[in-house]
Amino acid sequence: MKSKCDEVIRIHESEDEVKNDLAEYIAQISDASVKDRGVFTIALSHASLIRLMGKLCESPYNKTVEWSKWYVFWADERLVPKNHAHSNYKLAKDAFLSKVPIVPSHVLSINDSVSAEEAAEEYEFVMRQLVKSRVVNVSDTSDCPKFDLILLGLGEDGHVASLFPHHHSALNEKQQWVTFTTTTTDSDRITFTFPVINSASNVALVATGDAKADAVHLAVDDVGPECPVVPARMVRPAKGKLVWFLDKPAASKLETSK
Ligand SMILES: O=C(O)[C@H](O)[C@@H](O)[C@H](O)[C@H](O)COP(=O)(O)O
């Protein structure tokens, strides 16, 4: 059984509809946050997610969103230079950040010139300073940051951010806000931990295409005790809202869509 949370699943006919809905959703949360606190704090992750939020760079959002109030973080990042093809920063910069007037100092990228462990510590320190100054809101129930919105893609293995099914220590981290993973086969990474993800006001999980259908099913449906470890299933904002943005192929194995 999953713990309860405020979860909504939006299933769209096409990827284009996902893009329209996602842009409108982000713009609305940005508006509400700016009205409420004067700023909007958002955390991004990798891959198709950035492409799917592309409509924000177009009319009307490019003019109507209060870009100067945005503070942008990464829910996960690879320890590679910022001009490297695998850098999440580069992906977001090329496809999104360079196309809207976000204040450069409000873009909180990681330090890629130190070890993954140090980069995770530094990033957490930066977040702690911004929580202290209340640029980032604070959880009502812990000292955790309460991001206005955390945007997550979904891996075919059900991973979110860089929280992978086999990384038990990262999945179970309860104290640190940012942790790290090192492997011999891939870049080292830093990632938000579940205490941070689940303290956010809003979390969006975005997945399109039939390659994601199994992961979506395992993350959402009640699959019983044999359910494998699916990190996306652990996304349960305690006081916030979780919204899934899916196209029909990604939603095709959901119990509710059968
Ligand atoms: O860091 C990685 O290993 C991947 O980039 C990964 O985290 C990605 O976000 C998901 O696999 C979803 O990616 P797509 O939405 O592009 O399929």
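These legends describe close-up views of a predicted model.

View 1. An unreviewed UniProt entry carries the annotation "domain: Glucosamine/galactosamine-6-phosphate isomerase" for residues 14–244.

**View 2. Residues around the ligand.** The ligand is surrounded by Ser45, His46, Ala47, Ser48 and Leu49, together with Gly153, Leu154 and Gly155. Of the residues in this shell, five are polar and three are nonpolar. No charged residue belongs to the shell.

View 3. Three strands make up an open sheet, with antiparallel pairing and the order 4-9-8. Strand 4 (76–78) and strand 8 (178–181) are at the edges and have a single partner strand each, so one side of each lacks a neighbour in the sheet. From one strand to the next, the twist averages 20°. In general, the strands of a sheet are paired through backbone hydrogen bonds, in either a parallel or an antiparallel arrangement.

**View 4. The pairing of strand 4 with strand 9.** Three bridges join strand 4 to strand 9 (residues 189–192), and the two strands pair in the antiparallel sense. Opposite Asp76 stands Thr191, a residue of strand 9.

**View 5. A helix packed on the sheet.** Helix 5, made up of residues 116–132, packs on the sheet. Helix 5 touches strand 8 and strand 9. The direction of helix 5 makes about 165° with that of strand 8.

How values were computed: Residues numbered from 1 in each chain as written. Predicted model: local features only at pLDDT ≥ 70, side-chain atom pairs only at ≥ 80, totals over all residues. Near = placed C-beta within 6 Å. Nonpolar A, V, L, I, M, F, W, Y, C, P; charged D, E, K, R; others polar. UniProt positions renumbered as here; feature names shortened; annotations may be inferred. Pairing = 2+ DSSP bridges. Helix = DSSP H or I, 4+ residues; strand = E, 2+ residues; numbered from the N terminus. Axes fitted to C-alpha atoms, helices over the stretch in contact; angles between N-to-C directions. Contact = placed C-beta atoms within 7 Å.
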